[in-house]
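Let's walk through this one together, chain by chain and then sheet by sheet. Have the viewer open as you read.

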Amino acid sequence: MQRTLSTRMLLNRYGALFRMPLLENLAEVGNVVSAVLVMTMFMWVFAMLWQAVFAAQGTDLIAGLTLRHTLWYLLMAELVVLSKPLLAEEISDSIKTGSIAYDLMRPLDFGLFHLSRYAGHVAFRACVNLLAGGVVVWLLVGPPPAWQGLFPAVLALMLSWGLEFCFEALIGLAAFWTEDISAFRWIHQKISFILGGLFLPLDFYPPWLAAVARVLPFASIIYAPGRLFVDPSADRLLSTLALQLGWLVVLGFTFRLLSGRALRRLTINGG
Amino acid sequence: MSIRVDRLTKSFRTRDKQEGLAGSWRALWKPEWRQVPAIRDISFRMERGEALGFIGPNGAGKSTTIKILCGILHPDSGAAEVLGQVPWQDRQRLCYEIGSVFGQRPQLWYHLPPVDSFHVYGAIYGLDRDATRRRVDFLVDVFELQHFLHTPVRKLSLGQRMRCEVAVSLLHAPKLLLLDEPSIGLDIVAKQRIRDTIRYMRDEEGVGVLLTSHDAGDIEALCSRVIVISDGQLIFDDTMDELKRRHLTAKQVNVRYLEEGERSLPMAGVETVAASRYGMQIRFDPRTVGVDAVISGLHGLGSMVDITISDPDLENIIGTIYAENALDPDAA
């Protein structure tokens, strides 16, 4: 059996793992249909809500954003949150049940094993959610304000899921030290929603809070892709990607460090 | 040599808590840690291509030993070598040489047909597409998976699923197969089928099998040698024949009578295991009590309509070994 694998074989290996959630999603159409319903309903509710807000303000522009900008921004923000799998639970369950030991018996890197499956799930769900939510938003407020924002937004989305992967994996790994990770999940989720700008763009926040929130990783995950999509200026593109990459380095390094420690703890102490 | 284990010892640290609220409170401020030995001073050998039965009651240390042999756990002391490598130092390399089936932890993707899992494992183990296809064709043939290769795993019967599990564990042509309860929950036909295919693969490809099972039939059908572990210690390591010879000392007799009645056989060295209105079951050691005497004693109790004399099955033998060990915890 070959032990030194070529790059092509490594790509094959993690590519095959990436493909499995795609196949699973296609096999379980019921789950996909319910995801589409959730996305459609959320975007419809948001549209009604923000139409009322803009009408009540009697203006076309709030903090530099039109209703169309706002809704396409919210679509991207929801896309980030609704397209990801429950990675933290998956990792913590595997630790609690001990099945992580059997995952370690494969010739796989722990991080890449989870990342490739996470990416496969996100790729499928994001396409479906984008299509479902996009149709609703388009019908209610018209096409995206700037088509040239699509490519930068896709780039930013990939980085944002990379960041979210690190957060979720870290929360899952916490199960090595504490029985129940639900408190961490809850705190992470609520902070992300508020400081990430899931329900309204950070631009609508008081300036001091918006300024703080923008540099935090939560904004790099939820706010960044949507804001870039509706306003793809070169300046914004550079600053957004630079900040996302910066946080990715920090969180990726933390994940590597802690996963290494956790796995050593498992092999030496038996978990 | 497939496996060499020398004086392996491993213990875990657990936190004790006294009962009730006060106990919980105390445990919070002043935790009481305790070292619990999982395995103590275990040594054994397994030759290449050998099928070795590894048995012991729950909590005896079987899975700790297996995890050490896979490189997932570090022992506290002692040495081990699996296929010439130290497992906890060379785990990633060893992965390619070991296949595993843990009966209660499925490795197939639940919502997808087995064929998809076969291909993803092919890619994981670095096989190219053609090599995977050839190997899958071969395994499908041996394990007779043709009829459900394309059916989602969740729709397969347990027997079909286990055949796929064992087949997928052999995809990368491992030299050593670790089987933990491969026949758990299976009916007798499915069990027999799994045993036959494992035996075929052992003979065909020379793959060594380390089999853990509560089912004595699995061990008897597949293994020529057996090691028994209890309370973290090795209490038996020899051939299957030796196990039977040493512990197959008792004969069991079931007898049925024509007429109803309360009967007993008051002979020294004869133990009544069960009695009913029409019959009884007794056990005796033929080295101390003559078979003739027992039969004529039984004959004297009434007119017999049926009698069977049998050796106790492996399950009973193992039960006896555990019981002996429990009486004398230092026995090794």
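How many residues does the contact take from chain A and from chain B? It takes 26 residues from chain A and 27 residues from chain B, where two residues are in contact if their C-beta atoms, placed from the backbone, lie within 7 Å. Before going on, some housekeeping: this is a predicted model, in which local features need pLDDT of at least 70 and side-chain atom pairs count only at pLDDT 80 or more, while totals for chains, interfaces and linings use all residues. Residues are numbered from 1 along each chain as its sequence is written, and chains are lettered from A and ligands numbered from 1 in the order in which they are written.

Back to the contact. On the side of chain A that touches chain B, the elements giving two or more residues are helix 1 (7-27), helix 5 (100-103) and helix 12 (234-269) of chain A. Helices here are DSSP runs of H or I with at least four residues, strands are E runs of at least two, and both are numbered from the N terminus. Helix 1 of chain A gives the most to that side, with nine residues. Sorted by class, this side of chain A has 15 nonpolar, six polar and five charged residues; Ala, Val, Leu, Ile, Met, Phe, Trp, Tyr, Cys and Pro count as nonpolar, Asp, Glu, Lys and Arg as charged, and the others, Gly among them, as polar.

Now chain A by itself. You'll find 12 helices and zero strands in chain A. Its C-alpha trace spans about 65 × 40 × 35 Å along the principal axes. A compact globule of 271 residues would have a radius of gyration near 18 Å, and the 20 Å of chain A agrees with that; the radius is taken over C-alpha atoms, and the globule rule is 2.2 Å times the number of residues to the power 0.38. Buried residues make up 40% of the 271 residues in chain A, buried meaning that 20 or more other C-beta atoms lie within 10 Å of the residue's own, with C-beta atoms placed from the backbone.

Over to chain B. Its domain assignment gives domain 1 (3-8 + 39-245) and domain 2 (249-310), with bounds that come from an automatic or database domain assignment. The C-alpha centres of these two domains of chain B lie 42 Å apart.

Take strand 6 (residues 176-180) of chain B next: five of its five residues are buried. Leu176(B), Leu178(B) and Asp180(B) point one way from strand 6, and Leu177(B) and Leu179(B) the other way. Strand 6 of chain B is joined to strand 5 (residues 98-102) of chain B by five bridges, running parallel; two strands pair if DSSP finds at least two bridges between them. Here Phe102(B) stands opposite Asp180(B). Strand 6 also pairs with strand 7 (residues 208-212) of chain B in the parallel sense, over five bridges, and there Leu179(B) stands opposite Leu211(B).

Two open sheets of chain B are left to visit. One has four strands in the order 11-12-10-13, with antiparallel pairing. Strand 11 (270-275) and strand 13 (304-310) of chain B are its edge strands, each pairing on one side only. Six bridges join strand 10 (residues 251-257) of chain B to strand 13 of chain B, where Asn254(B) has Thr308(B) as its bridge partner.

The other open sheet has three strands in the order 2-1-4 (chain B), again with antiparallel pairing. Strand 2 (32-46) and strand 4 (77-82) of chain B each have a single partner strand, so one side of each is left without a neighbour in the sheet.

Notes
A residue is buried if 20 or more other C-beta atoms lie within 10 Å of its own, exposed if 12 or fewer, and partly exposed in between; C-beta atoms are placed from the backbone.
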